Amino acid sequence: MDLLERIKDLDLQLFHLLNGKWSNEWLDAIVPWLRYQQTWYPLYLFLLVFVLYNFGKQSWWWIAGFIITVGVSDSFSSRIVKSIFQRLRPCTDPNVFPTIHLRVPHCAGGFSFVSTHASNHFAMAMFLFITLRPIVGPKMGFIFLWSTAVAYAQVYVGVHYPFDVLGGAILGTLIGWISGSIINKRFPLTA
């Protein structure tokens, strides 16, 4: 068995643990909601109000940077990376689908690697961490619990493999780090 096959086998084993063996009714009721952007509207609204209230005119560059970060992450992950790898989702792979627990009404179309949900949420988390940590302090690290929960939900509901979300997390973290660093250097928020 070559290295790529071993990696795929490990990924499938981890998927079956997270999607099957380590599931329960309580998680079945909660985890699918973590992946819906509507669930997080209050957080997005809070961030918008927090930044506008505390930073006035400075906040417009921050808001633009945040939007650009998400746009770059979304486009790069969904249009470029997925088209290069063309990995089937577990819920669309005929060899895997019969063994999964699909916990969403339907399986999304498109390819699986990398998870755009993971990429976008880790990009946002890193952007928030880098730009708000100088003001809020080290407790901004909590934001990575949020992005991790969203990424985990993708595997739990059966639409991504663990390495899909890991790849998305790495990609998003890099994008958020670059954009957050640019905003901090050019247009830093000051209290």
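Mentor: This is a predicted model. Start with helix α1, residues 3-21.

Trainee: Which residues of α1 are buried?
Mentor: D11, F15, L18, N19 and G20. Seen down the axis of α1, the buried residues fall within an arc of 160°, so they line one face of the helix. On the other side, L3, R6 and K21 are exposed.

Trainee: What covers the buried residues of α1?
Mentor: The cover includes α6 and α7 (162-186).

Trainee: Why is the pair of W40 and W146 called edge-to-face?
Mentor: Two tests apply. Ring centres must lie within 6.5 Å, and planes must be over 60 degrees apart. Here the centres are 6.0 Å apart and the planes stand at 75°, so the pair is edge-to-face.

Trainee: What makes this pair a tie between parts of the chain?
Mentor: W40 lies in the loop between α2 (25-34) and α3 (41-55), and W146 lies in helix α6 (residues 143-156), so the pair ties together parts 106 residues apart in sequence. W40, Y44 and W146 also form one aromatic cluster.

Trainee: How do you know whether W40 is buried or exposed?
Mentor: Buried means under 20% relative accessible area. W40 has 17%, so W40 is buried. W146, at 7%, counts as buried too.

Trainee: What about F85 and F113?
Mentor: Their ring centres are 4.8 Å apart, with 75° between the planes. That pair is edge-to-face. F85 lies in helix α4 (residues 59-85) and F113 in the loop between α4 and α5 (116-136), so the pair ties together parts 28 residues apart in sequence.

Trainee: Does F85 count as buried or exposed?
Mentor: Exposed means over 50%. F85 has 51% relative accessibility, so F85 counts as exposed.

Trainee: Why is R103 said to lie over the face of Y156?
Mentor: The limit on distance is 6 Å from the ring centre. R103 is at 4.3 Å from the ring centre of Y156 and lies over its face.

Trainee: Which residues touch the most other members of the largest nonpolar core?
Mentor: W62, L128, L132, I143 and W146 do, out of 27 residues. α2, α3, α4, α5 and α6 each supply at least two residues. The largest share, eight residues, comes from α5. I143 touches A125, L128 and F129, not counting residues up to four places away in sequence.

Trainee: What does the second core include?
Mentor: The second core is separate and has 15 residues, including F15, L18, V159 and A169. F15 and L18 are among the buried residues of α1.

How values were computed:
Residues numbered from 1 in each chain as written. Predicted model: local features only at pLDDT ≥ 70, side-chain atom pairs only at ≥ 80, totals over all residues. Heavy atoms only, no water. Phe/Tyr/Trp six-rings, centres within 6.5 Å; stacked < 30°, edge-to-face > 60°. Helix = DSSP H or I, 4+ residues; strand = E, 2+ residues; numbered from the N terminus. Buried < 20%, exposed > 50% of the residue type's maximum accessible area, 1.4 Å probe, protein only. Lys NZ or Arg CZ within 6 Å of the ring centre and 35° of its normal. Core = buried A, V, L, I, M, F, W, Y, C linked by side-chain atoms within 4.5 Å. Contact = heavy atoms within 4.5 Å. Expected span 1.5 Å × (residues − 1). Arc of directions from axis to C-beta.
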